[in-house]
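Good morning, and thank you for coming.

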Amino acid sequence: MKDLFFLIPFFPLLGFLIIGLLWKKFPKNITSIIGCGSVGISTVVAFLSVFDWARHSIHHPIFKELFIWIPAGELPTKFFGLKPLILSFSFQLDSLSALMVLFVTFVGFWIHIYSIGYMHEDEGYNRFFAYLNLFMFSMLILVLADNFPLMFIGWEGVGLCSYLLIGFYYKEEWPQNAGKKAFITNRVGDWGFLIGMFFIFYIFGSLKYEEVFKGAIDKPEKFAPFATIICIFLFIGATGKSAQIPLYVWLPDAMAGPTPVSALIHAATMVTAGVYMVSRCNPLYRLSPSAMLVVAIIGCITALFAATMGIAQRDIKKVLAYSTISQLGYMFLSAGVGAYFYAMFHVLTHAFFKACLFLGSGSVIHACHTNDIMEMGGLKKYMKTTHWTFLLATLAISGFPFFSGFFSKDGILSSVFSFGLHHSIGYILYSIALITAIITAFYMGRVYFITFWGEYRGKGHPHESPKSMVSALVVLGVLSLIGGFIGLPGEKYNLFSKFLEPVIPLKEGLTEPPHHLPFKTEAILIIVSVIVALLGLYFAYRLYVKDKEWNFVKNFISKYPFLYKIVFNKYYVDEFYGMTVVSGVVKGSEKLANFDLKGIDGAVNAIRHATVGTSLFSGFFDLRFVDGIVNLVANLLGWGGNLWRKIQTGVVQHYAFILTFGIFSLITIYLIFF
Amino acid sequence: MDFLFKLPILSVITYIPLLGALLIVLVNKENKKAIKFIATFASGLSFLISCFLWFGYDFTREGLEIFQFIEKTSWIPSLGVQYYFGIDGIALLLVLLTTLLSFISVYCSFTAITFREKEYYALLLILETGMLGVFCSLDFFLFYLFWEIMLVPMYFLIGVWGSERKLYAAIKFFLYTLLGSVLMLLGILALYFYNTTGFLGFEGLGNQPTLDILHFHKIGGLIPYNLQFWIFLAFFIGFAIKVPMFPFHTWLPDAHVEAPTAGSVILAGILLKMGTYGFVRFSLPIMPEATKEMVPYLVTLSIIAIIYGALVAMAQPDMKKLIANSSVSHLGFVTLGIFALNQSGIEGATLQMINHGISTGGLFLLVGIIYERRHTKLINAFGGLSFSMPDYAIYFMVIALSSMGLPGMNGFVGEFTILIGAFHKNWFWALLAGAGIVLGAAYLLWMYQRVFYGKLEKEENKNLPDLNLREKLTLIPLIILIFWIGLYPRPFFKRMENSVKYIVKIVEPNYFTKGEIK
């Protein structure tokens with residue numbers, strides 16, 4: 001069974017082709033069966049093959065080469081002389097890709113099920129499932145690839161699907177703009193990724209993970225000087241896909257897509273691709289402490305920055321979007337301090353609770369027909385299951401003890417703290433992460449209380465969602481509750497770290513892995529993070545439930561309108577980009593086009609005019625001067641001819657006279673001179 | 001199948017269209033069906049026979065053996081002119097692209113051309129013969145002959161069947177490219193005299209007079225640098241105008257905008273490749289020293305073309321003009337790959353020539369389809385077309401994605417190989433050129449959004465008929481090629497590999513023996 005793992009991506013591809021080529025003709029229920037069925041089969045194959053493989057040995061990845069993709073000649077490399085550039089279509093199953101495959105197919109499957117209910121009324125139903133299946137295919141290629149370029153196919157493929165699905169409602173203009181923004185911003189990142197790949201080939205003479213990482217692990221001293229530049233370029237790619245500073249701006253706008261898309265692509269799977277890539281490249285990052293520090297700092301700042309933006313949003317999906325950016329920041333922070341495996345652990349738990357939150361918000365939006373939390377309220381009475389699952393996921397993301405997010409977040413916080421033992425900046429990062437945790441708990445509590453507590457403020461009568469939606473909510477809600485137990489703290493019980501060890505070793509490399517803290521310190525850190533989570537939730541409860549009229553919040557806003565406005569408008573970063581980069585490019589292109597027309601083409605036309613002018617002038621010259629001379633000669637000849645003609649009268653007497661005159665003259669001349 | 005290879009197959013492929021043109025001349029001009037039939041049949045037959053080249057070409061041969069299907073007889077002995085046909089792997093791919101695109105161009109013109117059909121199809125077929133002749137010739141005289149023949153039908157195609165400013169565009173195209181070819185002729189003459197008696201104080205090699213291109217490949221290295229430089233410059237201007245490289249590109253948008261659809265397809269798909277093919281066939285092997293010396297300038301121009309072309313494309317209000325400027329950007333990638341002077345760069349460039357023919361040819365076909373329905377190609381005349389023409393929207397999306405180099409489609413394979421080749425020469429080049437990938441997505445998606453999305457507001461766009469079967473048939477071969485090259489380009493690389501190695505070995509003799517080249 002394990003040898004069939006390479007088939008996993010192809011079922012959704014088949015689904016896409018069937019629905020995509022015949023999408024006009026299928027009734028909705030057939031589309032649902034094909035769309036969900038293909039992902040379902042993938043999920044089953046994924047579980048069977050991974051368990052089969054794991055039972056034998058998780059220390060030996062298995063490979064499957066399908067065919068050679070690009071054999072593009074030989075290139076001179078830094079250390080290995082002339083190396084052939086051969087890229088192949090080949091897959092790899094190791095513990096990291098196994099982990100990704102399992103949760104991508106599983107969460108993906110339930111989101112497909114959820115979509116049956118959510119999209120039921122939509123006229124683009126078939127198109128939606130076709131795109132969703134294409135997305136699953138690309139995402140699975142991304143995680144199963146055994147070399148960078150194949151990963152890049154998936155990497156851009158998911159970007160394409162994201163573009164298509166964000167702009168799914170293509171009658172309106174703003175989803176289109178959001179989709180375009182997402183695609184182009186991602187392309188900026190991909191540009192960096194591409195250059196990073198070229199560097200890898202130049203230094204390591206290969207683009208296959210196995211060969212590259214083996215080189216990095218075996219001869220760290222040799223490759224370390226080049227690791228920083230490689231890692232920074234790869235990280236630029238990650239900031240695009242995983243929405244980190246400075247390329248995060250596309251993700252909040254991406255909420256224009258249907259909610260299941262936000263859950264699947266913009267929360268659970270695609271946006272974590274950057275974290276996956278950095279963790280996958282951990283042997284490279286470990287060679288460069290400075291690159292890791294950059295990752296940690298960017299992640300940490302993004303986490304705080306995005307969390308503060310989440311406080312003031314009114315759109316329920318926007319809050320979740322900022323929270324996703326913030327949580328992704330946590331993951332990068334974790335990877336940056338060397339705790340790759342906590343980063344992956346958070347990827348997993350985040351997939352559960354954030355997908356659950358998004359699907360919950362979708363369920364609420366489905367019921368209230370609005371995204372604005374100010375027009376909701378009191379929904380716990382009307383939507384019992386949605387309410388309970390949303391509560392579970394909220395507690396999980398806030399880090400409430402023994403929920404899934406608690407374990408992963410606590411692991412990250414203590415790793416960052418222990419990083420402080422090597423590098424004093426670690427303590428600063430730790431305090432920022434702690435502040436972020438309290439803000440996270442607060443804004444999630446805010447959304448929860450405003451939406452589900454108090455009185456209903458909207459129009460119509462909200463009702464619980466259909467079964468297909470509720471079932472997905474329950475599954476993900478339960479996982480948000482219990483999903484963390486596979487990664488209990490402490491080496492002994494941590495199944496998760498044992499599973500990932502072959503790919504993410506605890507030691508090796510130039511940078512130190514996070515220290516093991518003494519039990520006491522560990523316990524104190526856990527208590528601190530629990531207090532922080534409870535505090536954040538309590539503040540939210542205090543401000544939005546206890547204080548029924550929200551007086552404190554209202555007073556605060558009227559007292560400091562400036563502060564509120566800045567946060568509500570997301571620090572005007574979008575406006576700043578719009579004014580500088582976007583309008584710079586657009587205006588620049590207009591100016592260049594004008595220059596092209598007036599300047600370059602102008603020069604060409606000037607040459608044309610000059611040529612035409614010269615020819616006109618020479619025509620004139622020709623006519624008056626050259627031809628004039630010709631005519632002059634002709635005229636002279638004519639004049640002479642006329643003169644001559646006058647003599648030739650044809651009268652014999654004249655000739656006789658001239659003859660006589662001539663003879664007479666000659667004789668006269670003779671007589672005078674001789 | 002064997003009997004085909006006993007025939008002078010290249011001549012057969014080249015002259016079938018010419019024969020078709022002669023036949024069309026004999027037909028009564030009112031008999032439009034017969035004219036169309038002959039044109040389709042002639043270009044189709046030429047395409048079918050050329051497919052045998054794909055299988056018959058032996059890509060395992062090396063050195064001069066890569067030139068195959070040789071036809072060689074003396075033609076004008078006193079000048080050393082030969083009738084000399086033969087193709088290597090690079091020319092093979094271009095010949096196939098030419099026969100395919102010519103066939104599609106004939107097929108797509110059925111409803112677009114409504115007057116003087118007889119002359120139109122005859123000229124289109126003569127043009128095909130000219131283009132095929134250029135790729136097949138291994139003799140300078142023959143090459144130059146076909147090169148000039150090509151100009152005339154193209155001039156008339158733009159000048160007679162074009163849109164509003166057709167005469168301006170046609171004359172501009174003709175004079176501009178003629179200027180280039182005259183300079184190239186000077187270069188050819190210089191080579192010719194240097195090979196024999198010498199001229200202007202350059203002592204000649206004293207060989208028998210010949211115009212055999214492969215002979216010049218052999219003696220290229222012997223030419224002194226200062227002479228190489230001038231010959232290089234003469235050829236360079238000729239080719240740079242044809243490509244077109246920045247800053248010689250301004251004839252292109254005008255010619256494209258005014259040309260009929262088939263004219264644009266052939267212009268973008270094949271005529272532009274003459275320039276890049278010229279670099280690979282002549283400049284690199286015959287003037288290797290001068291080329292190497294000029295690389296920094298050539299690469300600078302290429303990178304400017306990539307970024308500049310993309311930015312200018314973004315600001316265009318006219319779809320055809322946008323695509324024409326995007327060609328400048330894409331051809332910038334091709335020249336970048338060629339002047340990286342390594343195997344990946346040139347292989348990528350060769351593949352990208354094919355890719356550009358497919359993708360940009362496809363985009364011009366698509367714009368032609370909508371132009372036929374609406375008689376405008378201005379972007380803001382549309383909006384919401386995906387509601388009235390859903391199939392059209394899908395085809396357009398696929399071809400646009402291939403043009404912007406989405407992995408899994410053809411454009412990516414070419415761009416990736418070019419960029420990695422350029423990277424190994426100088427990583428900064430690849431970094432700068434990479435900007436073209438970002439901008440490519442920007443201008444195409446922006447155009448797509450304005451044409452296909454949003455509300456369907458304009459009355460005249462509401463009842464547009466979707467693609468008909470004939471139109472789909474013109475596009476489907478291109479879409480098949482897009483995915484074939486995108487997912488399994490190996491057969492293409494195989495066929496060009498040794499031909500590219502042959503050129504790299506002439507330019508960088510130590511490339512394959514030494515590892516490090518600095």
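Let me begin with a definition: axes are lines fitted to C-alpha atoms, for helices over the stretch in contact, and angles run from 0 to 180 degrees between N-to-C directions. Helices (H or I, at least four residues) and strands (E, at least two) are DSSP runs, numbered from the N terminus.

The model is a predicted one, in which local features need pLDDT of at least 70 and side-chain atom pairs count only at pLDDT 80 or more, while totals for chains, interfaces and linings use all residues. Residues are numbered from 1 along each chain as its sequence is written, and chains are lettered from A and ligands numbered from 1 in the order in which they are written.

At what angle do helix α3 (residues 95-118) and helix α15 (residues 340-368) of chain A pack? The angle is about 5 degrees, and their axes are 11 Å apart. α3(A) is therefore roughly parallel to α15(A), a term for angles under 35 degrees. Residues are in contact if their C-beta atoms, placed from the backbone, lie within 7 Å. On the α3(A) side the contact includes A:Leu99, A:Phe103 and A:Val107, and on the α15(A) side it includes A:Met344, A:Leu348 and A:Ala351.

I turn to the two chains. In chain A, 42 residues are in contact with 47 residues of chain B. Among the elements that give two or more residues to the chain A side are β1 (62-76), β2 (82-93) and α6 (174-204). The most come from α6(A), with 12 residues.

Next, the interior. A residue is buried if 20 or more other C-beta atoms lie within 10 Å of its own. A nonpolar core is a set of buried Ala, Val, Leu, Ile, Met, Phe, Trp, Tyr and Cys residues joined through C-beta atoms within 7 Å. The largest such core has 427 residues, of which A:Phe198, A:Leu333, A:Ala355 and B:Leu336 touch the most other members. α15(A) gives the most to this core, with 20 residues. Not counting residues up to four places away in sequence, B:Leu336 touches several residues, including B:Val299, B:Ile418 and B:Trp429.

Finally, consider A:Tyr448, in helix α19 (residues 425-452) of chain A. Why is A:Tyr448 classed as buried? Because 26 other C-beta atoms lie within 10 Å. Leaving aside neighbours within four places in sequence, A:Tyr448 is in contact with A:Phe390, A:Leu391 and A:Thr394.

Conventions: Angles under 35 degrees count as roughly parallel, over 145 as roughly antiparallel, 65 to 115 as roughly perpendicular and the rest as oblique. Two residues are in contact if their C-beta atoms, placed from the backbone, lie within 7 Å. A residue is buried if 20 or more other C-beta atoms lie within 10 Å of its own, exposed if 12 or fewer, and partly exposed in between; C-beta atoms are placed from the backbone.
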